[in-house]
Amino acid sequence: MSSTLTAQELEILSSKANAAKAAAYCPYSKFRVGAALLTESGEYFTGANVENASYPVGTCAERVAFGTAVVAGQRQFKAIAVATDITPPASPCGMCRQFMSEFTSRLFPIYMYDKDMKCKVITMGELLPNSFGPDDFEH
């Protein structure tokens with residue numbers, strides 16, 4: 001897995017994450033989240049949060065992006081960007097952290113953007129230390 005993005009990849013990734021916020025369905029919280037995921041093969045997949053009147057049933061932008069990519073046959077990912085309308089940028093929730101760890105390494109970069117598109121970068125290992133994942137099963 002390569003954790004280094006080109007300037008062009010990062011520009012596209014951040015732009016797609018920011019644009020994905022427009023697709024958010026968040027009538028209850030009004031908290032828009034957009035995500036863009038870059039695969040190792042160079043494809044981009046986006047997601048937005050989708051709320052539900054029964055709050056726990058809602059789905060986060062990160063899981064929408066990963067789920068769409070996985071259904072399309074992708075399993076190797078280079079980076080994800082998450083964009084919100086707040087400052088400082090919001091990090092993925094605990095459920096998303098665990099979900100993303102299924103498909104990424106500890107070095108996988110998460111680019112988090114605030115309302116002004118200021119960025120904070122963190123790795124999967126920093127975001128979810130001591131995670132439980134596929135490598136914990138005996139084969």
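Before anything else, I need a working rule for packing: I call it a contact when heavy atoms lie within 4.5 Å. I also keep in mind that this is a predicted model.

**Entry 1, the layout.** I went through the protein chain and found four helices and five strands. Read from the N terminus, the order of elements is α-β-β-α-β-α-β-β-α. I then looked up the radius of gyration, which is 14 Å, close to the 14 Å from the globule rule for 139 residues, so the chain is as compact as a globular protein of that length. The C-alpha trace spans about 45 × 35 × 30 Å along its principal axes.

Which residues of helix 3 are buried? I noted C96, M100 and S101, in a helix that covers residues 94-101. They take up an arc of only 135 degrees around the axis, so they sit on the same side of helix 3. Next I asked what these buried residues pack against.

Buried residues come to 41% of the 139. For contacts with a separation of 6 or more, I see that 62% join residues 24 or more positions apart. The chain exposes about 7,500 Å², with 55% of that supplied by carbon and sulfur atoms.

I counted 12 positive and 14 negative charges, and their mean positions are 8 Å apart.

Methods. Residues numbered from 1 in each chain as written. Predicted model: local features only at pLDDT ≥ 70, side-chain atom pairs only at ≥ 80, totals over all residues. Heavy atoms only, no water. Buried < 20%, exposed > 50% of the residue type's maximum accessible area, 1.4 Å probe, protein only. Helix = DSSP H or I, 4+ residues; strand = E, 2+ residues; numbered from the N terminus. Arc of directions from axis to C-beta. Rg over C-alpha atoms; globule rule 2.2 N^0.38 Å. Areas by Shrake-Rupley, 256 points an atom, 1.4 Å probe, with all protein chains shown as cover. Lys, Arg positive; Asp, Glu negative; His and termini not counted. Charge placed at Lys NZ, Arg CZ, Asp CG, Glu CD.
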